[in-house]
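My notes follow in the order I took them.

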Amino acid sequence: MEARTWNIIQLGVGFMLLFAGFNTQNFVEQTVLNSVAEDTGRVDEHAGYYSLAIVYGCLTVGNLMAAPIIAVIGAKVAMIIGSLTYVLFLLSFLYVDSWSLYLVSAINGLGGALLWTGQGNYMTLNSDDFTAGRNSGIVWAIYQLCLVSGGTFLFIVFQFTDKHFDQSTIRILYSVFAVLGALGVLTFVFLRQPPKQESSSQKEQKHDHVKNILATFKLMFSKDMMILSVMFMYSGIELTFWSGIYSTSLAFTNKLAEVAGNNMLAYNAVAIGLGQIMGGTIFGVFGERTNKFGRYPIVLLGCVTHLLCFALIFVNIPTQAAIHKTDEISIISPSIPLALLCSALLGFGDSCWNTQIYSMLATFYKKQSSEGFAVMKFFNCLSACAAFFYGSKIELRYQLGILAIGALLAFVCFFGVERKNNVARVQSKFSTSSEVPIVKALY
């Protein structure tokens with residue numbers, strides 16, 4: 001196996017192990033902290049939403065400084081440091097109080113900026129214009145195995161507990177999550193350096209911190225990046241929805257809890273994971289066949305999938321369930337099969353958007369990979385932070401409306417960039433004096 005392909009696989013495995021803990025706990029964090037609030041009063045009943053809002057808020061700020069730091073310490077060391085902060089966050093749940101929870105949430109957010117920007121940089125260094133789409137799909141498919149394994153673990157644990165999380169159950173859950181996270185850290189420790197060496201210009205700029213920071217801001221305010229920022233922000237809002245708000249809404253829908261109990265959270269995690277893996281496999285493993293159609297059909301598929309999903313959730317889940325436990329129903333009585341179908345659609349649609357975002361950045365911004373991924377995560381985390389804050393304040397139907405409008409705007413902005421560069425692609429065939437790099441990003 002080619003060295004760069006092996007590096008990509010190992011990168012995916014590292015993220016799968018780390019987020020088998022962190023992403024799985026996202027599905028239960030609000031429910032767990034709601035139980036802690038009822039038992040001890042040490043945290044607010046909506047502390048899960050506030051905690052994740054702090055994580056993504058600090059991620060937003062950290063992304064502005066991540067590129068120059070990675071230019072000095074490298075992608076591998078950045079991912080090791082960043083992943084350690086995720087383990088620290090998980091360990092904090094062995095004894096929960098408000099101050100420690102919010103403090104480690106902030107630390108986790110700053111570390112996450114190093115982790116995700118480092119991942120983008122490392123993937124770019126192991127990719128070229130022809131393998132970027134495939135590699136992003138491979139990493140995404142392996143990474144999302146964490147939801148299937150995490151959901152299976154939750155299902156086993158929930159056979160021995162009721163709807164309420166007591167302190168012993170919380171300690172068992174988060175001890176396992178932390179161990180999985182530590183294995184992810186070890187996987188990053190043993191990552192090999194990419195075989196491709198840095199260019200001389202990159203070496204000259206490596207220690208120029210001011211230049212790196214200015215390059216990040218310059219890229220952020222470039223015309224194409226500002227247009228694409230709408231898509232980045234939508235990906236942050238829908239991430240917030242499937243990773244936290246939707247699972248909480250399922251747990252707070254009493255008619256579902258009466259039938260499935262906490263198992264509903266496990267089923268949801270597995271269903272989302274299967275949808276994610278399906279998308280990552282189709283656009284990664286079989287990328288040579290799907291990539292010839294370009295990114296436009298894949299992003300369109302993701303948009304249509306999500307719009308259908310939002311409509312089904314509106315029909316199935318009571319609007320108050322995002323805020324508190326409720327016996328109400330929506331248009332129909334809540335259905336477990338329909339709820340899980342929506343989970344799978346959320347995962348599949350998310351993979352459509354994110355594999356194409358990662359592939360685009362790995363080609364379009366190859367010479368500025370750290371800055372490109374940092375800007376993407378800035379907009380992504382900014383919107384995610386806002387979504388976690390309003391997630392506990394407004395009804396589900398309004399959140400679904402925001403998501404639907406966001407999906408349409410994201411697709412329109414993407415289509416605008418693609419259409420513009422279709423013209424550039426045709427023109428480039430008749431001219432060799434200049435190169436239009438975004439064409440490679442979209443095709």
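**Helix α6**

I began with helix α6 (residues 167-189), which has 23 residues and reaches 33 Å from first C-alpha to last, close to the 33 Å expected at 1.5 Å a residue. I kept in mind that this is a predicted model.

Next I looked up which residues of α6 are buried. The list is T169, I170, L173, Y174, F177, A178, G181, G184, V185, T187 and F188. I then checked what covers these buried residues, and found that the cover includes α1 (3-40), α2 (47-91), α3 (98-125) and α5 (145-158).

**α2 against α15**

I turned to α2 and its packing with helix α15 (residues 369-391): the two axes come within 8 Å and cross at roughly 165 degrees. Angles over 145 degrees count as roughly antiparallel, so I noted α2 as roughly antiparallel to α15. I recorded the crossing of the two helices as left-handed.

For the contact itself, I listed residues on both sides. Those in α2 include Y49, Y50, Y56, L64 and I70, and those in α15 include S370, K377, F378, C385 and F389. The residues of this contact divide into 17 nonpolar, 5 polar and 2 charged. Among the α15 residues that meet α2 I also noted E371 and G391.

**S247**

Last, I looked up S247, which sits in helix α9 (residues 223-252).

Note on methods. Residues numbered from 1 in each chain as written. Predicted model: local features only at pLDDT ≥ 70, side-chain atom pairs only at ≥ 80, totals over all residues. Heavy atoms only, no water. Helix = DSSP H or I, 4+ residues; strand = E, 2+ residues; numbered from the N terminus. Expected span 1.5 Å × (residues − 1). Buried < 20%, exposed > 50% of the residue type's maximum accessible area, 1.4 Å probe, protein only. Contact = heavy atoms within 4.5 Å. Axes fitted to C-alpha atoms, helices over the stretch in contact; angles between N-to-C directions. Parallel < 35°, antiparallel > 145°, perpendicular 65-115°, else oblique. Left-handed = near helix turned anticlockwise from the far one by under 90°. Nonpolar A, V, L, I, M, F, W, Y, C, P; charged D, E, K, R; others polar.
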